[in-house]
Amino acid sequence: MSKKNLTILIVVIALAIVVVILSISLVSATDADKAATPSPSASASASATATAANTPSATATTTAKPSGDPIVHIVSAVMTSDTGSGGAPVDSVSQYSPEDPFIASCEIDTDDADPVEFVWYKDGDSFDDDTVTAENGYANCELQSEHTWDPGDYSVEIYLQDSKSPDATLNFSVAVPSPTPPASASASASAS
């Protein structure tokens with residue numbers, strides 16, 4: 001083989017290697033684009049209640065379902081005093097009285113009966129966790145105390161599809177109960 005033919009052969013092989021490398025890079029970039037989806041923000045706009053003091057905060061990310069199923073997102077997540085028809089929250093609260101049940105509600109963008117895990121915290125320490133099944137696009141978890149809740153800061157982390165990190169976190173608090181005036185003081189004040 002001549003020197004000229006050998007040079008042409010080397011150039012052709014080099015170009016083939018470059019084409020293969022570019023093809024691999026293009027496939028990897030396309031796969032990365034498919035996997036990277038924007039993280040929606042689960043907003044929690046609080047409506048004022050008698051005990052609401054702060055706006056509940058919520059952060060959200062996305063989670064891919066196992067086995068290549070579609071990605072599920074949290075559309076919104078709030079702490080509420082109750083849920084209405086279809087499971088939608090009736091309001092948004094950030095503070096509860098010591099005797100109130102806690103209700104976390106999240107709307108997800110699927111009607112599938114997906115499991116949703118709620119992990120409850122007080123002052124950063126986990127004290128309960130529950131897994132519920134989403135119905136009609138909502139997953140609601142209600143937590144009641146046998147007695148009353150201790151005043152302080154609480155949060156609940158919401159996990160979709162066996163996620164390793166929370167898909168939403170809601171922060172809320174329990175108010176210090178107001179002291180009730182003694183019965184004799186209120187009776188004498190009304191007698192005056």
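Gly 152 lies opposite Val 174 of β10. The structure is a predicted model, in which local features require pLDDT of at least 70 and side-chain atom pairs count only at pLDDT 80 or more, while totals for chains, interfaces and linings use all residues. Residues are numbered from 1 along each chain as its sequence is written, and side-chain values use heavy atoms, with hydrogens and water left out.

Strand β10 (residues 168-174) pairs with β9 in the antiparallel sense through seven bridges; pairing requires that DSSP finds at least two bridges between two strands. Strand β6 (residues 115-122) is also antiparallel to β9, and seven bridges join these two strands. In this pairing, Val 116 stands opposite Leu 160 of β9.

Of the nine residues of β9, seven are buried (under 20% relative accessible area, 1.4 Å probe, protein chains only). Ser 155 is located in β9, which spans residues 152-160. Ser 155 counts as buried because its relative accessibility is 14%. Apart from neighbours within four places in sequence, Ser 155 contacts Val 119, Trp 120, Tyr 121, Leu 170, Asn 171 and Phe 172, contact being heavy atoms within 4.5 Å.

The protein contains two helices and 10 strands, taken as DSSP runs (helices H or I, at least four residues; strands E, at least two) and numbered from the N terminus. The order of elements from the N terminus is α-β-β-β-β-β-β-β-β-β-β-α. Among contacts with a separation of 6 or more, 59% involve residues 24 or more positions apart. Of the 192 residues, 32% count as buried.

Methods: Buried < 20%, exposed > 50% of the residue type's maximum accessible area, 1.4 Å probe, protein only.
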